[in-house]
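Shall we take a look?

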Amino acid sequence: MGIAVVGTSNIADEFVLACRGAGVDVRAVYSRKKETGRSFAERHDIPLVVTDFDALCSGDFDCIYVATPNLFHFDQSKRLLESGVSVFCEKPITVTAEQYLQLRGIADGKGLFYDCAMMSAHSPGLDVIRRSIPRIGKITGAHLIFFQRSSRLDRLYSGELPNIFNMELQAGALMDLGVYNIYAALELFGKPLSADSKTSFHSCGCDYSGSAIFDYGDFHAVLSWNKFADSPAPSVITGENGWISISSVSQFRGIRLHTKDSDCELYSDDVSKVGIMAYEASYMKSMLMLASEERLKNAVYSEMKDCTLSAAEIMDGIRKSNGFPF
Ligand SMILES: NC(=O)c1ccc[n+]([C@@H]2O[C@H](COP(=O)([O-])OP(=O)(O)OC[C@H]3O[C@@H](n4cnc5c(N)ncnc54)[C@H](OP(=O)(O)O)[C@@H]3O)[C@@H](O)[C@H]2O)c1
């Protein structure tokens, strides 16, 4: 099993480490600059640096992991899929649902693997929460929270425009953090009947925080995300007989169950991000090992596709009703 990575930022570093943990061989890195690629390759002992995207498309790889700014996901993934290479792309897999459906059609038509690198979906914590929900009884509400003060915020405050706040690159808080809350709600409760939302924008034009209310008929899930501030508040699912708290909805770790009979930690908060990403890399490996007909019938792959489409549709709706520039 040999893959290549596109992009040389921290998340690509972490994914390469996760691949090592999952027994996936990273054979090449693509970078626009030879020196950047070389320094990434040296850090991880990767044999090949590629600076020509066409050469990457015609290379002998089982899959390419794409970790570039959101604006490039669609074009880069399309070129790779059309060349017959499977793609595992960072979140959000594409910017719009229409783009996702187009690329999914190409992938399915060619028997290729095409999926979103959504770490929460492969965390053991997801299963832990799903199995625990019946213990709290009928769900009465949920608060899914992802607040994370960006490590690049001080650069924004001093007048720079880091990529993650650059709306021309289709970035911002919804695309970076809100996407996790939305997947979490879909993974835990399914598709909502409707979704309302609000967004706050910074003077540079980027959205820095947002909230959504997902209507599930019997209860509502309140989702909130913020790139300008940390928060000590965990996410909580409440039921008639107790509650489940979750310290990270992006990784589904730090999970606690409280009922009248018990109060216990079900999944530790003390798991590294790379450790959680190793499950994601293992999933990618297992999907690549399946024959395409088997993969199309695989329950986890199908669920990922449904979730990814629903998330993209919901995010399209949030952007449209909140005046986003894209
Ligand atoms: N799963 C997670 O926890 C996680 C965390 C962070 C980010 N992400 C996702 O990963 C993706 C990358 O985010 P990031 O913050 O790492 O982005 P970034 O640092 O702005 O860019 C990532 C890489 O893309 C290439 N790149 C940058 N600007 C480019 C441009 N204008 N044109 C073409 N290539 C460009 C660069 O590689 P070269 O210079 O080597 O070409 C860079 O190393 C996003 O989709 C984001 O949502 C996921």
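Q: In β14, which residue is the bridge partner of R256?
A: Keep in mind that this is a predicted model. Strand β13 (residues 253–259) is joined to β14 by 4 bridges, and the two run antiparallel. Within β14, the bridge partner of R256 is E265.

Q: Which strands are the edge strands of the open sheet of 8 strands?
A: The order of this open sheet is β8-β9-β10-β7-β11-β12-β13-β14, with mixed pairing. An edge strand here pairs on one side only, and that points to β8 (194–201) and β14 (263–267).

Q: What distance separates the end C-alpha atoms of helix α9 (residues 273–289)?
A: Start from the expectation: at 1.5 Å a residue, the 17 residues of α9 should span 24 Å. Buried residues of this helix include I276, Y279, Y283 and M287.

Q: How many charged residues does the shell around the ligand have?
A: The ligand is surrounded by 19 residues, and the closest are G7, S9, S31, E90 and N163. At least three residues of the shell come from each of domain 1 (2–120 + 277–295) and domain 2 (123–271 + 312–321). By class, the shell has 6 nonpolar and 8 polar residues, and the number of charged ones is 5.

Terms used. Residues are numbered from 1 along each chain as its sequence is written. This is a predicted model: local features need pLDDT of at least 70, side-chain atom pairs count only at pLDDT 80 or more; totals for chains, interfaces and linings use all residues. A residue is near a molecule or strand if its C-beta atom, placed from the backbone, lies within 6 Å of it. Ala, Val, Leu, Ile, Met, Phe, Trp, Tyr, Cys and Pro count as nonpolar, Asp, Glu, Lys and Arg as charged, and the others, Gly among them, as polar. Domain bounds come from an automatic or database domain assignment. The expected span of a helix is 1.5 Å times one less than its number of residues. A residue is buried if 20 or more other C-beta atoms lie within 10 Å of its own, exposed if 12 or fewer, and partly exposed in between; C-beta atoms are placed from the backbone. Two strands pair if DSSP finds at least two bridges between them.
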